[in-house]
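Subject: Structure for your review

Dear colleague,

Please find below the structure that I would like to hand over to you. My notes on what was found in it follow directly after.

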Amino acid sequence: MAKTGATVEVTVGLSSCGIAAGAADVFSAFQREFKEKGVDARLRRTGCVGMCYREPIVDVVTSGGAKYTYGELTADRVGRVVEEHVVGGKPVDEWLVRAEGRELPDETYYDQQVRLVLRNAGVIDPESIDEYIDAGGYEALTKVIKEMSPDDVIEELKASGLRGRGGAGFPTGIKWDLAKKAPGEMKYVIVNADEGDPGAFMDRSILEGDPHSVLEGLAIAAYTIGAQEGYFYVRAEYPLAIKRLRIAIEDATERGFVGENILGSGFSFKVHIKEGAGAFVCGEETALIASIEGQRGMPRLRPPYPAVKGLWAKPTNNNNVETYANIPWIISNGAAAYAAYGTESSKGTKVFALAGKITRGGLVEVPMGLTIRQVIDEVGGGVPEGRSFKAVQLGGPSGGCVPVEFMDIPIDYESITKTGAIMGSGGMVVMDDSTCMVDIARFFLHFTQDESCGKCTFCRVGTKRMLEILERITAGEGREGDIELLEELGEKIISSSLCGLGQSAPNPVLTTIKYFRDEYEAHINEKRCPALSCKALITYDIDPDKCIGCTVCAKKCPVGAITGERKEAHTIDQDLCTKCDACRQACKFDAVTVR
Amino acid sequence: MENMVAQDERMAEYLEVADEVAAKYAGRRGSVIPVLQQVQERVGYLPPEVMKRIGERLGVPPAQIFGVASFYAQFRMAPVGKYVVKVCHGTACHVQGAGAITDALCDELGVADGATTEDGKFTVESVACLGCCSLAPVIMIEDNTYGRLTPDEARKIVREYGD
């Protein structure tokens with residue numbers, strides 16, 4: 001953000017995860033310090049900066065314009081930063097994670113990133129329309145309304161190569177064209193912000209960090225296809241995103257970017273927010289539409305596609321949050337600039353939520369075509385020390401686990417699909433040698449089985465049967481033939497389900513069987529969990545040579561399974577042990593072993 | 001006897017809430033879900049009588065109301081504790097030990113996953129992703145999110161709410 005005066009500016013990242021790490025307390029601590037000490041500095045809020053592993057994050061921009069980023073800056077550290085840096089002009093070096101002209105380890109976090117969708121996230125105040133406009137906001141909408149016909153917009157999108165970021169990757173220009181050409185007076189546009197994939201937080205971060213960019217993209221879509229009304233379908237679990245979106249809609253209406261007679265053009269567009277009520281299947285567009293209509297969110301057969309017959313049976317365009325957030329950038333900067341990023345078939349950038357067993361987990365945006373290894377190692381800093389990388393889970397419950405041998409494939413829709421996973425909406429959960437792949441398959445099946453709407457028999461019953469088999473394998477009761485049975489059920493569910501949920505539910509199982517069959521076999525044939533993760537197949541012991549009898553483990557054990565005299569080796573009663581791992585974590589002498 | 005009178009009075013209050021919320025949405029399409037959401041927000045759960053009343057007011061058969069309410073994870077058919085402890089079981093939390101967090105909380109509060117303590121203070125609930133994956137494992141109580149937890153820290157947090 002451009003600086004407004006010669007004062008020092010302090011910006012606190014206030015996204016949900018920042019707040020969870022204590023950023024709201026940090027913000028009030030700065031407020032208090034400034035007031036008490038009469039400090040003349042400007043305090044600002046912003047959204048997700050992306051370095052989630054460093055939350056809470058605070059930027060200090062000096063009167064000279066130099067920017068210093070502090071990480072893990074908890075409220076108790078605020079006083080020193082105010083005194084030494086804001087007032088004294090001397091940065092507190094030990095808490096700095098990024099600063100211009102200095103070589104700090106986190107500098108490399110952004111080296112490979114290209115932030116188009118996240119252009120404003122972590123930069124502007126998401127609750128200020130003025131800051132959005134100052135950053136070039138609503139220029140694209142103005143240009144579209146004043147200078148472009150709907151067909152111009154569609155041609156521009158087709159030339160940009162933008163594909164749907166919700167996961168399936170359907171070309172956005174073609175989708176809009178279908179909805180535009182569909183006959184009908186009344187049309188609708190929808191933002192799918194029902195981010196239900198466990199392990200994904202891209203949409204939340206975009207809405208919390210830059211809600212206007214999505215709203216502007218939606219308004220452009222409405223103008224292009226000829227829609228009069230739009231809906232944001234947002235998970236109710238994202239209260240902060242909903243709050244900031246409401247502010248954005250109110251402010252944009254007041255300034256005339258949405259509402260009646262936009263920019264004097266005669267084009268009117270009304271926007272509503274619908275809070276999802278918790279159903280993963282509503283990520284599927286026909287189910288989402290049924291949910292907005294107030295029904296059970298059950299998918300229906302396509303065609304007719306929503307572009308022809310969607311909400312209230314009218315032509316409807318539905319895109320994901322990230323897709324819409326791309327639109328204003330493409331219109332403002334041109335299709336060619338966008339298509340300069342990426343590969344032959346996948347243009348532009350992709351936002352990923354990097355999480356799991358990774359050193360620098362956060363919200364990242366990289367150009368398509370970067371390899372998975374580059375994202376995990378160069379951006380994410382690899383798996384934490386002492387562990388080895390095993391696989392990365394892409395695409396959530398619809399995706400699959402990509403093993404280490406495919407780490408050098410480029411990130412594009414086709415290459416990822418070839419591995420058996422999918423691009424998905426952008427969840428990237430890293431797994432190391434302590435993660436059991438059979439357990440991960442069970443975890444996802446548990447999720448999809450629970451979320452199956454029940455319409456198609458194969459999805460409803462088949463996922464239940466698959467889950468039962470996986471449960472017995474991880475419980476040490478696997479039988480010969482279970483792997484083949486899982487494969488057969490998986491193939492049948494894929495071919496006999498109506499919607500994407502069922503058609504992709506077996507993917508996490510099939511990919512783990514394909515790449516980690518030995519782990520399944522170890523569970524079934526040897527009753528052994530190679531990752532030492534499945535409770536039924538592991539045993540905790542205390543190594544008498546290492547145990548010094550400090551009694552810490554015995555005190556920690558919640559079931560009283562550990563006994564022993566002080567200063568003498570302790571033992572674990574295997575009948576009582578619940579394998580909660582508390583003793584192993586508590587032992588300072590590595591005396592607790594798992595086998 | 002006194003108890004039943006109190007219960008009847010409470011139900012009368014709930015029905016009033018249903019009337020009031022439904023009246024705001026009269027004649028609007030697709031209003032079943034927002035009405036259920038707002039009524040639950042104020043009542044705490046959706047008793048059968050309340051769902052029936054909402055159906056009458058919106059002109060929707062009670063079976064359809066129940067169908068919608070039972071379809072979505074957000075809606076509850078039974079009262080919950082004063083504090084609902086939501087334990088995230090998203091992928092990132094799962095691989096970072098969410099199971100141990102649930103076990104510790106259930107042990108601490110003496111309830112099964114999904115159940116409410118006898119004093120009506122806490123409900124432990126496993127939920128799908130809360131979207132704070134980089135802080136895994138995570139729990140949420142009211143609007144407060146707690147991240148990077150160990151089982152012991154999770155116990156401490158609910159103890160603080162208990163005091």
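Lys527(A) is partly exposed, with a relative accessibility of 36%; here buried stands for under 20% relative accessible area, exposed for over 50%, and partly exposed for what lies in between, with a 1.4 Å probe and protein chains only. The model is a predicted one, in which local features need pLDDT of at least 70 and side-chain atom pairs count only at pLDDT 80 or more, while totals for chains, interfaces and linings use all residues. Residues are numbered from 1 along each chain as its sequence is written, chains are lettered from A and ligands numbered from 1 in the order in which they are written, and side-chain values use heavy atoms, with hydrogens and water left out.

Backbone geometry

Lys527(A) has a phi near 50°, a positive value in a residue other than glycine. The residue belongs to the loop between helix 20 (507-525) and strand 15 of chain A; helices (H or I, at least four residues) and strands (E, at least two) are DSSP runs numbered from the N terminus. Leu532(A) is found in the loop between helix 20 and strand 15 of chain A, with a positive phi near 55°. Leu532(A) is partly exposed, at 41% relative accessibility. Most residues other than glycine have a negative phi, and most peptide bonds are trans.

Two cis peptide bonds also deserve mention. One runs from Arg302(A) to Pro303(A), with omega near -5°, and another joins Pro303(A) to Pro304(A), with omega about 0°. Pro303(A) is placed in the loop between helix 11 (285-292) and strand 9 (316-320) of chain A, and Pro304(A) is in the loop between helix 11 and strand 9 of chain A.

Salt bridges

Over all chains, the structure holds 52 salt bridges, each being a side-chain nitrogen of Lys or Arg within 4 Å of a carboxyl oxygen of Asp or Glu. Glu127(A) and Arg45(A) form one of these, at 3.6 Å from N to O. This pair links distant parts of the chain, 82 residues apart: Glu127(A) is in the loop between strand 5 (96-99) and helix 4 (129-134) of chain A, and Arg45(A) is in strand 2 (residues 41-46) of chain A. Glu127(A) is buried, at 17% relative accessible area, whereas Arg45(A) is partly exposed, at 24%. A network of salt bridges links Arg45(A), Asp125(A), Glu127(A), Lys243(A) and Arg244(A).

Asp541(A) and Arg595(A) meet in a salt bridge of 2.8 Å, N to O. Asp541(A) lies in strand 15 (residues 540-542) of chain A and Arg595(A) in the segment after strand 18 (592-594) of chain A, so the pair ties together parts that are 54 residues apart in sequence. Asp541(A) is partly exposed, with 23% relative accessible area, and Arg595(A) is exposed, at 58%. In a further salt bridge, the closest N and O atoms of Asp93(A) and Arg102(A) are 2.8 Å apart.

Interface between the chains

In total, 37 residues of chain B are in contact with 55 residues of chain A, where contact means heavy atoms within 4.5 Å. The two chains bury about 3,300 Å² between them, 57% of it on carbon and sulfur atoms; buried area is the accessible area (1.4 Å probe) that two parts lose on being put together, summed over both. In chain B, the residues that lose the most area to chain A are Phe71(B), Tyr72(B) and Thr91(B), together 19% of what that side buries. There are 2 salt bridges between chain B and chain A. Lys535(A) forms a salt bridge with Asp103(B), with 3.1 Å between the closest N and O atoms.

Chain B

Chain B is divided into domain 1 (2-71) and domain 2 (83-162), with bounds that come from an automatic or database domain assignment. Their C-alpha centres lie 29 Å apart. The buried residues of helix 4 (residues 62-71) of chain B are Ile65(B), Gly67(B), Val68(B), Ala69(B) and Phe71(B). Their cover includes helix 2 (32-43) and helix 3 (48-58) of chain B.

Lys86(B) is in strand 1 (residues 83-88) of chain B and is partly exposed, at 27% relative accessible area. Beyond residues up to four places away in sequence, Lys86(B) touches Glu125(B), Val127(B), Leu130(B), Val138(B), Ile139(B) and Met140(B).

With kind regards
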